[in-house]
Amino acid sequence: MEFPNYFADAESNFDDASYILFGVPFEKTSSFRHGAGKAPHEVRQASWNFERYDLRTGINLEKILVHDYGDLDVQNLTSKEVFETTKTFTSTLLAKQKIPIAIGGDHSITPGIIAAFPKEIAVISLDAHMDFRQKYKNDIHNHACVIRRVTDHIPIRNIAIVGIRSAEKEEYEQAQRQELFFRDAFTLKKIGIEKTIQQTKTHLKGKKIYLTLDIDVVDPAYAPGTSTPEPFGLTPMDVLEIIDAFSPQLIGCDIVEVCPSYDHGQTAVLAAKFIQTCISGIWRNKEA
Ligand SMILES: [Mn+2]
């Protein structure tokens, strides 16, 4: 069955909306499995599964003014051109005081979006991978270099990575040398989600936060439809707690690396729910 090709309840027009959802169906830098370009469509379809009323928060999603812009035309661009395109597009949204909510695509779509924000913001990356390589497959914009590209714009002390469990030795040591803040999935398990959140909060000192959510931060048992699955991941509830804890500070987010052809739709459902949770979380705190 085919549902409308826009995110459920994102029925506001562009001018009235505070939240602009857009797809970035770019997947050229995927290194293992392909298909992240299909994610915007599948995540939108999955969003029609949910009720408008959220019993957890009491929010009726109809009240929130969200516009679904559709997809940026990026399929045939190079990764460098995608960087420029997402940066330009996000800049136009920020100039109109809109909050950008992006659906990837592979993770290479993120640094361009972040580059449109002021340098003073903080970034949280939820990811199984450190993504701190200078270059990968001869491309500095590869999805394995995301955090390194973010540091071209945002001071490294304003970045926090949660949930990692995979890195190359050199990349890992480089991150430690540069004092990149991260809490790996094993530490999280040991100290608990609350303490992990608290430590991350302390590190980011109340700054405004852009959240990039690589779906592979979640254990492949819950989110198998992803480009580079990595065992020993977070639970969906862990991610929910993180979104809740930081939503008062959020100024934008993306969900990347959903690869719909590798599962039965459960990863797209989870991604759609995370998007809803981010939007309603930001909205709730603005209204309060
Ligand atoms: Mn990843």
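User: I am new here. How many helices and strands does the chain have?

Analyst: Welcome! The model is predicted, and its chain comes to nine helices and 10 strands. The radius of gyration is 17 Å, close to the 19 Å that the globule rule gives for 288 residues, so the chain is as compact as a globular protein of that length. Along its principal axes, the C-alpha trace spans about 45 × 40 × 40 Å.

User: Now the sheet, please. What is the order of the strands in the open sheet?

Analyst: The general idea comes first. Strands of a sheet pair through backbone hydrogen bonds, either parallel or antiparallel. In this structure, eight strands form an open sheet with parallel pairing, and their order is β4-β1-β5-β10-β9-β6-β7-β8.

User: Which strands stand at the edges?

Analyst: Those are β4 (66-71) and β8 (181-184). Each has a single partner strand, so one side of each is left without a neighbour in the sheet. Neighbouring strands of this sheet are turned by 15° against each other on average, with direction ignored.

User: Could we look at one pair up close? Over how many bridges do β6 and β9 pair?

Analyst: Strand β6 (residues 122-126) and strand β9 (residues 209-214) pair in the parallel sense over five bridges. To find a place on this pair, look for Leu126, which stands opposite Leu213 in β9.

User: Let us turn to helices. At roughly what angle do the axes of α8 and α9 cross?

Analyst: The axes of α8 (residues 236-246) and α9 (residues 266-287) come within 10 Å and cross at roughly 20°. Angles under 35 degrees count as roughly parallel, and that makes α8 roughly parallel to α9. Their crossing is right-handed.

User: Which residues meet in that contact?

Analyst: From α8 come Pro236, Val239, Leu240, Ile243 and Asp244, and they meet Leu270, Phe274, Thr277, Cys278 and Gly281 in α9. By kind, the residues of this contact divide into seven nonpolar, two polar and one charged.

User: And the loops? Which peptide bond is cis?

Analyst: The cis bond runs from Gly104 to Gly105, with omega near 10°. Gly105 has its place in the loop between β5 (99-104) and α3 (110-115).

User: Where does Asp131 lie, and what is its phi?

Analyst: Asp131 lies in the loop between β6 and α4 (146-150). Its phi is near 50°, a positive value in a residue other than glycine.

Key: Residues are numbered from 1 along each chain as its sequence is written. This is a predicted model: local features need pLDDT of at least 70, side-chain atom pairs count only at pLDDT 80 or more; totals for chains, interfaces and linings use all residues. Axes are lines fitted to C-alpha atoms, for helices over the stretch in contact, and angles run from 0 to 180 degrees between N-to-C directions. Helices (H or I, at least four residues) and strands (E, at least two) are DSSP runs, numbered from the N terminus. Angles under 35 degrees count as roughly parallel, over 145 as roughly antiparallel, 65 to 115 as roughly perpendicular and the rest as oblique. A crossing is left-handed if the near helix is turned anticlockwise from the far one by less than a right angle, and right-handed if clockwise. Two residues are in contact if their C-beta atoms, placed from the backbone, lie within 7 Å. Ala, Val, Leu, Ile, Met, Phe, Trp, Tyr, Cys and Pro count as nonpolar, Asp, Glu, Lys and Arg as charged, and the others, Gly among them, as polar. Two strands pair if DSSP finds at least two bridges between them. The radius of gyration is taken over C-alpha atoms; the globule rule is 2.2 Å times the number of residues to the power 0.38.
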